[in-house]
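Thanks for coming; I would like to take a few minutes on one model, going through one of its chains as a whole and then through a sheet in another.

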Amino acid sequence: MQPAAVEVRNISKAFGASQVLHDVSLSIPVGVSRGLVGRNGAGKSTLVSILTGLLAPNSGKLLFDDVEAPAQRTSREWRNKVACVYQRSTLVPTMSVAENLFANAYPGNPSWVNWSRLRAAARGICEEWELGVNVDTRASDLRVEQRQLVEIARALAKGARFIIFDEPTAALESKEVARLFDRIRRLKREGVTLLYISHHLQEIYDICDSVTVLRDGRVIVAGAEVADLPKDKIVEAMVGEQIARSTRRPPVLSASSAPALSVKHLSLASMFHDISFDISPGEQVGLAGLGGSGKEQIAEAIAGLLTARSGDILVGGVTLKPGHVPTAQLTGVSYVPRDRRRRGILPQLSVAENLTVSIQRTFGNFGWIAPRRLEASARQLFSALSIVASSMRQPVVELSGGNQQKVVIGRALASSPQVLVLVYPTQGVDVAAKEAIFDIVATAQARGAAALIVSDELDELRNCQRVLVVFKGSIVKAFGADWSERDLIAAIEGVDA
Amino acid sequence: MAASAQSGFKARLTSLGLRELTLIPALLIVGFVGWLNNPAFLTSDNLLNILQQSSELSILVIAETLILLLAKIDLSLESIVGFTPMLGAWLISTDPSLGGSGLGLNPALAIAIVFLTGALIGALNGFLVVKMRLSPFIVTLSILILLRGMTLGLTNGTTLFDLPNSFLYLGSAKWGSVPASIWIAALLYLFFGIGLRYHRIGRALYAIGGNSEAARVAGIQVDRVVWGTYIASGLLAALAGLMLSGRIASVVSSQGQNMIFYVFAAAVIGGVNLNGGRGRLVGALTGVLLLGVLQNVLTLSQVPTFWIDAVYGAIILLALIFARLTGDRAEDV
């Protein structure tokens with residue numbers, strides 16, 4: 001029997017207390033293309049990092065062609081074995097295609113660049129792989145499709161015969177996807193081994209021979225032929241057993257009341273199209289979808305961070321001025337961004353100021369801030385949210401992630417909003433903080449606020465009375481309070497179950 | 001974490017909000033050495049002299065601090081100091097043969113034009129930075145060079161004398177026994193110091209400098225604040241220019257030249273972070289005072305004239321190191 005191109009033997013990996021991979025084993029024969037699927041947090045990215053030498057496992061073995069993987073920090077040796085095409089570019093944007101193809105390993109003398117030789121060698125590669133790009137083009141000027149092709153060609157030029165594709169189609173249009181698949185099939189014919197990661201299950205059927213399913217860091221399906229594994233079986237393996245969702249709270253709807261938030265025919269170029277929905281006061285609605293489905297852009301449009309091309313957003317019957325955060329806030333919208341480090345916290349400011357920054361205008365005339373009023377207002381939120389900090393004056397950057405997130409949510413609540421838009425509100429916080437955050441949202445809801453939870457984590461959607469599913473920019477499905485996890489995931493993944 | 005590594009003394013200073021005052025011991029040491037060398041240092045005339053000579057620099061430091069808090073930069077301030085009073089004086093003068101315009105403009109109107117020009121230059125800087133998304137460094141450097149050239153071109157490089165008293169008032173008058181320029185600088189420090197601490201716009205500067213994307217999400221109108229701050233700093237620079245001309249009773253074509261280096265030195269020694277979001281006006285003020293006292297002491301101590309700048313530079317460097325060791329946190333936080 002032919003040796004496996006890649007063999008993972010009993011690999012485990014933990015980050016601190018959280019075990020990310022449990023005893024994972026898989027083996028991919030030479031020339032096979034293998035799909036890897038799993039929900040967010042299943043351990044796919046950790047596995048990819050181990051396979052590409054970016055992370056060392058805590059235990060277990062990794063073999064390429066029956067030879068043990070190179071030691072850590074020998075990146076050149078790793079690159080001869082394996083290459084990965086990520087969603088994000090790994091090319092140096094300011095350098096030409098030719099330089100990127102031979103990054104750090106110029107043909108000929110390794111210390112001096114022979115430009116004519118470099119460009120000739122690069123042209124050779126471009127012709128061989130029919131890249132259709134000029135070798136002098138700067139990487140930043142390439143389209144996503146071309147950029148990926150250059151990355152693949154670079155990997156092959158280095159001699160790699162095992163390529164990992166990590167959601168390569170997320171940013172491609174359908175024609176480009178078709179062309180990418182043609183090339184992937186050509187790679188297969190040439191005996192290259194592939195590991196293909198995608199959230200779009202149909203793609204797995206289109207180009208993979210077999211599939212591995214990960215769930216919660218464990219291998220659920222080791223390597224089944226795709227022909228033997230229908231979609232609903234894959235979904236079942238990804239989701240696992242149905243967990244009882246006992247915590248879902250009953251709706252506190254006053255059926256007659258006008259909607260708190262009303263979105264009407266909202267569209268924005270390539271992001272989302274003709275989005276319409278209402279949320280009543282006190283209702284909690286989920287907006288689910290894959291990364292890149294447009295759900296987060298819909299939330300940003302409601303918050304005034306993006307300007308929709310057409311359509312209206314009404315809060316309590318008042319039409320918002322598009323793309324203007326202060327009026328959205330004054331009309332009653334509060335927004336909790338996904339990435340609290342990049343978009344949430346004001347790092348050097350104190351906890352108290354972070355909590356109250358959006359309501360400072362209420363603390364005095366002509367923009368002056370009466371410190372006592374600020375303090376009183378902040379103290380109320382500080383204790384209501386049980387934020388752990390040495391004092392309210394502590395710079396927020398020194399708090400733990402969970403407490404930073406509470407501060408950002410507290411800021412959203414400070415203005416007693418009619419509409420609360422939360423994007424992945426519990427991402428990256430521990431279990432205790434997670435529960436606390438759910439309670440905070442429930443309290444605001446009981447007060448009559450409408451909540452929109454933008455997420456594809458089932459755990460975050462568990463209290464929603466309705467869940468709307470966005471797929472490629474459109475709402476494709478709406479679930480009532482009785483949604484089942486399997487149907488919801490099938491809809492999120494775009495599988496017609 | 002950096003916080004736990006801080007010494008007890010530093011932690012106490014930080015908790016009192018006095019981290020910016022760590023330069024005061026250095027200030028006292030320099031003053032003591034100055035007094036040892038020449039008892040004339042500690043006379044009220046000399047001390048007022050120091051304050052008056054520092055007043056223009058101190059106002060520029062306010063302007064630059066506002067900009068640095070936003071994590072932006074403004075190199076053009078010193079050229080506004082030169083250009084705007086020159087334009088005013090040129091419009092006032094009645095004799096074209098002495099380099100003026102011969103227009104004989106009313107001094108009050110000329111002063112209004114000085115401030116308006118400062119504000120317009122700030123607005124242009126702001127436009128290029130905010131709307132055109134150009135790099136603040138290169139934009140304000142270009143404006144610096146442009147205005148330097150215009151200052152020379154306006155009068156063919158001559159110095160304008162014989163200016164009306166009203167035009168020189170801000171830099172030459174005394175209110176009580178203290179020069180007006182000291183009063184003005186003190187009031188501005190009070191106003192901007194309180195504004196940075198207790199006004200929405202002041203806090204917005206810190207928020208934007210710390211994380212401009214988060215500030216936008218939090219509802220702060222980032223572009224408007226940045227633009228407005230460039231305008232305010234242009235105005236402050238025009239005021240400093242007018243005061244400097246008043247003090248020396250003329251406008252020299254090189255007025256303000258090289259001041260920007262001392263502006264940065266004072267702000268940074270005083271704990272204003274070049275990466276934005278951190279620093280206080282009190283600290284910047286101690287930086288200005290340290291430079292002013294140092295200059296004075298070096299002169300009184302009869303350091304050879306040609307060596308003063310070198311000694312000055314070396315001591316600024318020492319002060320920076322001293323400030324880092326005693327108060328400032330590392331840049332990489």
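I will begin with conventions, then turn to chain B, and then to the sheet in chain A.

This is a predicted model, in which local features need pLDDT of at least 70 and side-chain atom pairs count only at pLDDT 80 or more, while totals for chains, interfaces and linings use all residues. Residues are numbered from 1 along each chain as its sequence is written, and chains are lettered from A and ligands numbered from 1 in the order in which they are written.

Chain B has 15 helices and 2 strands, where helices (H or I, at least four residues) and strands (E, at least two) are DSSP runs numbered from the N terminus. Its C-alpha trace spans about 65 × 55 × 35 Å along the principal axes. Of the 333 residues in chain B, 50% are buried, meaning that 20 or more other C-beta atoms, placed from the backbone, lie within 10 Å of the residue's own.

In chain A, an open sheet of 6 strands runs in the order β6-β7-β8-β3-β9-β10, with mixed pairing; two strands pair if DSSP finds at least two bridges between them. Because β6 (82-85) and β10 (218-225) of chain A stand at the edges with a single partner strand each, one side of each is left without a neighbour in the sheet. Strand β9 (residues 210-215) of chain A pairs with β10(A) in the antiparallel sense over 5 bridges, and Leu214(A) stands opposite Val219(A) in β10(A).

Note on methods
A residue is buried if 20 or more other C-beta atoms lie within 10 Å of its own, exposed if 12 or fewer, and partly exposed in between; C-beta atoms are placed from the backbone.
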